Amino acid sequence: MEGGGRANQRRRTRKDLLQAAGRLMKEGRPPTLEEVAEAALVSRATAYRYFPNVDALLAEATLDMASPDPARLFEGASSSDPVARVVLADEALHDMVAANEPALRLFLASTVQRAARSDGEDGVPLRQNRRTPLIEAALAPTRRQLKPAAYDSLVKALALVLGTEAVIVCKDVLQLSDSEARKVKRWAIKALVEAALR
């Protein structure tokens, strides 16, 4: 099994590529993969290991820029109640999913197809983990109240409730309205946080 340091480096490289693409796109034109690689301080070959083409990179970079920023979301937040804070994170993420649903569905389909074609041996992450930093920021005031194992399990369990996949399950599988989906997810968030704090 590969050490955590190398896996962390790969996650950082992927994030660097997305952020570089976002910065270049804000200049008002779509960059080439070579320009993104140069801005991220990696080789063109490295960029191609993470993204099959420039369109895939730019599509995800657009979604990356639309994702809620944990620091901004909780800046000046007065509540330290973990349920309220996780619900706030979920609402922000749910709103982003609703605003970008067609693009997110295409992105998920592409990721699933790439995973089916890959043996996963190269260790390159297929997608960016944006929800865990959001969940961790929501739980920051509560972290010391939880044992490390309980905190880790809670973060992972909440990652199943927040995000694109949860919205799609609520909509496609359960056939819930948007308001019903939000209500079910709030219930699940409350149950998970309260179970971890017991």
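Biologist: What makes Glu194 and Lys190 a salt bridge?

Modeller: A salt bridge is a side-chain nitrogen of Lys or Arg within 4 Å of a carboxyl oxygen of Asp or Glu. The closest N and O atoms of Glu194 and Lys190 are 2.9 Å apart, so the pair meets that definition. This is a predicted model, in which local features need pLDDT of at least 70 and side-chain atom pairs count only at pLDDT 80 or more, while totals for chains, interfaces and linings use all residues. Residues are numbered from 1 along each chain as its sequence is written, and side-chain values use heavy atoms, with hydrogens and water left out.

Biologist: Where do Glu194 and Lys190 lie, and why is Glu194 called partly exposed?

Modeller: Both lie in helix α11, 4 residues apart, about one turn of the helix. A helix here is a DSSP run of H or I with at least four residues, a strand is a run of E with at least two, and both are numbered from the N terminus. For exposure, buried means under 20% relative accessible area, exposed means over 50%, and partly exposed is in between (1.4 Å probe, protein chains only). Glu194 has 34% and Lys190 has 40%, so both are partly exposed.

Biologist: How many salt bridges does the whole structure have, and which residues are linked in a network?

Modeller: The search finds 16 salt bridges. Glu91, Asp95, Asp178, Arg182 and Arg186 are linked in a network of them.

Biologist: Is Arg182 buried or exposed, and how is Asp178 classed?

Modeller: Arg182 has 12% relative accessibility and therefore counts as buried. Asp178, at 41%, counts as partly exposed.

Biologist: Why is α8 called largely enclosed?

Modeller: Because 7 of its 9 residues are buried. They are Arg131, Thr132, Leu134, Ile135, Ala137, Ala138 and Leu139. What covers them includes α5 (70-74), α6, α9 and α10.

Biologist: What makes a set of residues a nonpolar core, and how many residues has the largest one?

Modeller: A nonpolar core is a set of buried Ala, Val, Leu, Ile, Met, Phe, Trp, Tyr and Cys residues joined through side-chain atoms within 4.5 Å. The largest has 29 residues, and Val86, Leu139, Leu158, Leu162 and Ile189 have the most contacts inside it. At least two residues of this core come from each of α6 (82-99), α7 (101-117), α8 (131-139), α9 (148-161) and α11 (178-197). The largest share, 7 residues, comes from α6. A second, separate core of 17 residues includes Ala21, Met25, Ala47 and Leu58. In soluble globular proteins, nonpolar side chains tend to be buried together.

Biologist: How do you know how α9 and α11 run relative to each other?

Modeller: Axes are lines fitted to C-alpha atoms, for helices over the stretch in contact, and angles run from 0 to 180 degrees between N-to-C directions. Angles under 35 degrees count as roughly parallel, over 145 as roughly antiparallel, 65 to 115 as roughly perpendicular, and the rest as oblique. The angle between α9 and α11 is about 175 degrees, with the axes 10 Å apart. The two helices are therefore roughly antiparallel. Their contact is made by Ala150, Leu154, Ala157, Leu158 and Val161 of α9 and Lys185, Ala188, Ile189, Leu192, Val193 and Ala196 of α11.

Biologist: How many residues of each class are in the contact of α9 with α11?

Modeller: The contact has 10 nonpolar, no polar and 1 charged residues. Ala, Val, Leu, Ile, Met, Phe, Trp, Tyr, Cys and Pro count as nonpolar, Asp, Glu, Lys and Arg as charged, and the others, Gly among them, as polar.

Biologist: Is Arg14 buried or exposed?

Modeller: Arg14, in helix α1 (residues 4-25), has a relative accessible area of 0% and is therefore buried. Beyond four places in sequence, its contacts include Glu60, Tyr50 and Phe51.

Key:
Contact means heavy atoms within 4.5 Å.
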